[in-house]
Structure formats: structure tokens, C-alpha cells
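Please walk me through this model in the viewer, one selection at a time. I would like to know what to select next and what is there.

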Amino acid sequence: MSLFTLSGSPTASLRPSPPPPPEPAPQPPVRNRVVEEAPRIASERDELFSRAESLAWRLSADLGIPVRLAVTDNRSTMVSFRRGGNVLQLRLHHMFLDAPEPVLRAVADYAGRGHRGAGGLLDEYIRGQQPRIRQFRRETDADLNPVGRCFDLQTIFEGVNRTYFQDGIQARIGWGRMPPRRRRKSIRLGVYDHQTREIRIHPALDRPEVPAFFVEFIVFHEMLHQLFPSTGRGGRRVHHPRAFRDREKAFPHYVAALRWERENLGVLLRG
Ligand SMILES: [Zn+2]
């Protein structure tokens, strides 16, 4: 999965003091094109993007050929490349976005100049960056089961994602574990983990007396957390910023969902 693909021919403008053309160039200035394959939180995405962009330019200037860079979140392949014509197609794990200079030089040597010897330094860097590589995806998958007795959360998630987010939310979803039975005053019906991008829904909702629109609303709410991360205000976290609340109110069954929750809280609390 690519986070970004950048392409273009930035080298021309990076060469030191090119002689000015006699006339203005007929075509528009070369711009890096970006294909976004995995939308992320806007601020995070912007930051990753500008770092990816400068890395593409940096490598292109070093090698003197256009570099088409895709930034990935792969688990097994950290560096792969293909040279076609006069273009280097390069896929790099995002750990390289803030790699030190010698490592970037090694990337250029290895992928751009075919110096196999540079691979050693890359291996060493990758070993040191292990914590940034997604791990144990499979175990977590098994742990997060979307299929309940009454509701399939994956189906609900996909429907909500298509209808309200243009398929822009990237998350996995499943039922949470049933907590030990005891008297409760409140219940947390869903939770979103920014780190793992996982949504867990309280199993108390997996019952025939719970209307589908209410489960959809809870899923919708957790998905909004990816779009509108909590903000810090004077040391206090605001988990549902203004933009979050506004967007939440746009859910067509918003009023009905709140009313249902109010009227049925007792049922939910009994678990
Ligand atoms: Zn919330």
C-alpha cells in the first residue's frame, strides 16, 4: 500500500544555475504530481507529503534523473525500485522520510546507481527502525472480529464510509470484548484508537432490540475521530472539537439516535 506517489521531473529546476532560455518555456512549469492512495489525518498527511516531496527532489537532484517516488507502509519490503527509460521508480517505506544524509546517499547509490555495496548501510538503518514497521497485523486481525450475532460491523463500516466519507476513512473495526458484569453508571459505546486505526464497538449493541441506525451512528461517530483528532487547548484535550460536532449533527438520524440512546440507556447498561 502506498501512502503517496510523487512523480515529475524536478531535476531540471534543481541543476545549478541553468542558462536562462531565450524565450519563456512554452509548457507550464513542471510540477510534482501526487497520487494519494491512503488518505490520512489532514495535518499528518500534509507533513508526510511535503517530506516525501523534498525527498523525491533530493534524490532526483543527486541522480540527475526524474524520480517517481511512492511512500509505503509495507511490512516486508522497505526499498524497491525499477529503472525504466530515464526514470527511476522508487518505493520507500516512510521511515526513509527522515533518514540521515548518509542513508539517503546510500538509497541513491543502491537504487539509482546500482551499487549493491550500499545495501549494507540500508539494512543497518532498517534494522534500527524496526519499531516503525507495522507488526503482528495478523494477530490483531484475529483479535478484532466484526461479525456479531445481529450486526456485521464491517458491512456497516463500508456503507457508512461510502455514504458519508467518500471511502476516505482507513480503519479496521470489530466488536469489543464483553466486560465483566457489574452495575454501571455509564457505558462507552465505541472507541477509536488513532495509533492502530481500530474501531471497537461495545458488544452491548449487538442485540436485536438495537436499531441498525443507532449502530451506524456509533460507527459514524468513531470514524469522525479519524477525521477530526482531538485538539489540545491549554493542556486540556478536546476530544470532540467544534468541527467534529458540526459534522456529527449532519448525520441524518442524529436526533433519533440521541433520543434512542437516552430512552434505552438502561437496557444498554444492563449489558
Ligand atoms: Zn467520541
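Begin by selecting His 240, which is partly exposed, with a relative accessible area of 27%; buried means under 20% relative accessible area, exposed over 50% and partly exposed in between, with a 1.4 Å probe and protein chains only. This is a predicted model, in which local features need pLDDT of at least 70 and side-chain atom pairs count only at pLDDT 80 or more, while totals for chains, interfaces and linings use all residues. Residues are numbered from 1 along each chain as its sequence is written, and side-chain values use heavy atoms, with hydrogens and water left out.

His 240 coordinates the ion through NE2, as do His 221 and His 225 through their NE2 atoms, at 2.1 Å. Donors here are N, O and S atoms within 2.8 Å of the metal (3.2 Å for Na, K and Ca), and because water is not among the atoms, sites may look incomplete. Along the sequence, the donor residues follow the spacing H-x3-H-x14-H. His 221 belongs to helix H7, whereas His 240 sits in the loop between strand E10 (236-238) and helix H8 (242-249), so the pair ties together parts that are 19 residues apart in sequence. Helices (H or I, at least four residues) and strands (E, at least two) are DSSP runs, numbered from the N terminus. His 221 counts as buried, at 13% relative accessibility.

Next, show H7 together with H8. The two helices pack at an angle of about 150°, with their axes 10 Å apart. Axes are lines fitted to C-alpha atoms, for helices over the stretch in contact, and angles run from 0 to 180 degrees between N-to-C directions. Contact means heavy atoms within 4.5 Å.

The axes of H6 and H7 come within 10 Å and cross at roughly 60°. H6 and H7 are therefore oblique to each other, a class left over once angles under 35 degrees count as roughly parallel, over 145 as roughly antiparallel and 65 to 115 as roughly perpendicular. Among the contact residues are Ile 156, Phe 157 and Val 160 of H6, and Val 219, Phe 220 and Met 223 of H7.

Now bring in the sheet beside these helices. Three strands form an open sheet in the order E6-E8-E7, with mixed pairing. E6 (172-175) and E7 (190-193) are the edge strands, each with a single partner strand, so one side of each has no neighbour in the sheet. From one strand to the next, the twist averages 15°. E7 and E8 (residues 198-201) run antiparallel and are joined by 4 bridges; two strands pair if DSSP finds at least two bridges between them. Select Tyr 192 to find Ile 199 of E8 opposite. H6 (residues 153-165) packs on the sheet, touching E6 and E8, while H7 (residues 212-227) lies across E6, E7 and E8, at about 25° to E7.

Finally, move to strand E3 (residues 67-72). Of its 6 residues, 5 are buried, so E3 is largely enclosed by the rest of the structure. E3 runs parallel to E5 (residues 87-93), with 6 bridges between them. Ala 70 stands opposite Arg 91 in E5.

Zoom out to end: the protein has 9 helices and 10 strands, and 40% of its 271 residues count as buried.
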